[in-house]
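Subject: Structure handover

Hello,

Here is the structure I promised to pass on. Please open it alongside this message.

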Amino acid sequence: TVATSEPAYPPWVLNDDPESGEGFESALVYALADELGFDRDDVVWGRQTFDQGIAPGSKPYDFNVQQYSITEDRKEFVSFSDVYYQPDKAVVALPDSGISQAESFEDLRSVRWGATIGTTDMDYIEEVIGVDDIAVFNDQAATFQALLADQIDATVISVPTAYFATAVQVPEATIAAILPEDPKDQGFGFIFSKGNPLVPWINEGLAALRADGTIDALATEWLASAGDIPEISE
């Protein structure tokens, strides 16, 4: 049993349909199930909000997959699998926000920022870029709506999500810059209830998929890379 978000967004899950096996995380779950000896029909999907997934306590599923970044703080309340993907972070902004001319974190601190609550993207804006006043939204869609409504100038999201968002969800926006690695963000992992004994078993499956090239192949198929977008460093 696997949980994902409601709704689930491309390129991680296509058409809000995890059962399709289309999208990086959906395809990865089915590849993992096959590696562990399960038939496709054995995989049962559920839905849960991002905040519910990282909350302490028992979970009504085996694991949750919705781009959860592994952090030491979160490990106090839940267990994680090994990393299945490590994305770069990107700045998404409207072309007239002035961010395209930014060359440093100091330049970035002069604009209005927004982010989705509970995400490492929000932590990055606050702790790495050094922004004190961040508008907070309940989900990614609300963050993008605020951008279009000129309530904020920019947000931070992973590069693959940024490519899809600027192509489909907010085509008025652009990827203004790639940001340096977040030292607190260890990469994406499946999330489990604290101490779940399935974690080592799932990690064995992920290790096999990594060793035979399956994870890299799925990333190439479903996820975009940063390309030639400029990087802003401190």
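Below is what I found, element by element. Bear in mind that this is a predicted model.

Helix α1 comes first. It covers residues 24–35, 12 residues in total. From first C-alpha to last, α1 reaches 16 Å, close to the 16 Å expected at 1.5 Å a residue. The helix is mostly covered, with 10 of its 12 residues buried. Those buried are F24, E25, S26, A27, L28, V29, Y30, A31, L32 and A33.

What do the buried residues of α1 pack against? There are strands and helices on the list. The strands are β1 (2–4), β2 (45–47) and β3 (63–64). The helices are α7 (199–211) and α8 (214–222). After α1 comes G37, with a positive phi near 95°.

Next, α8 itself. A217 lies in this helix. Is A217 buried or partly exposed? Its relative accessibility is 45%, so A217 counts as partly exposed; the class runs between the 20% and 50% cut-offs. A217 and I232 are 15 residues apart along the chain. Their C-alpha atoms are separated by 29 Å.

Last, the strand pair. Strand β8 spans residues 154–158 and is mostly covered: five of its five residues are buried. Its partner β5 takes in residues 89–93. The two strands run antiparallel, joined by five bridges. In one of the pairings, A90 has I157 of β8 as its bridge partner.

Over to you.

Best wishes

Note on methods:
Residues numbered from 1 in each chain as written. Predicted model: local features only at pLDDT ≥ 70, side-chain atom pairs only at ≥ 80, totals over all residues. Heavy atoms only, no water. Helix = DSSP H or I, 4+ residues; strand = E, 2+ residues; numbered from the N terminus. Expected span 1.5 Å × (residues − 1). Buried < 20%, exposed > 50% of the residue type's maximum accessible area, 1.4 Å probe, protein only. Contact = heavy atoms within 4.5 Å. Pairing = 2+ DSSP bridges.
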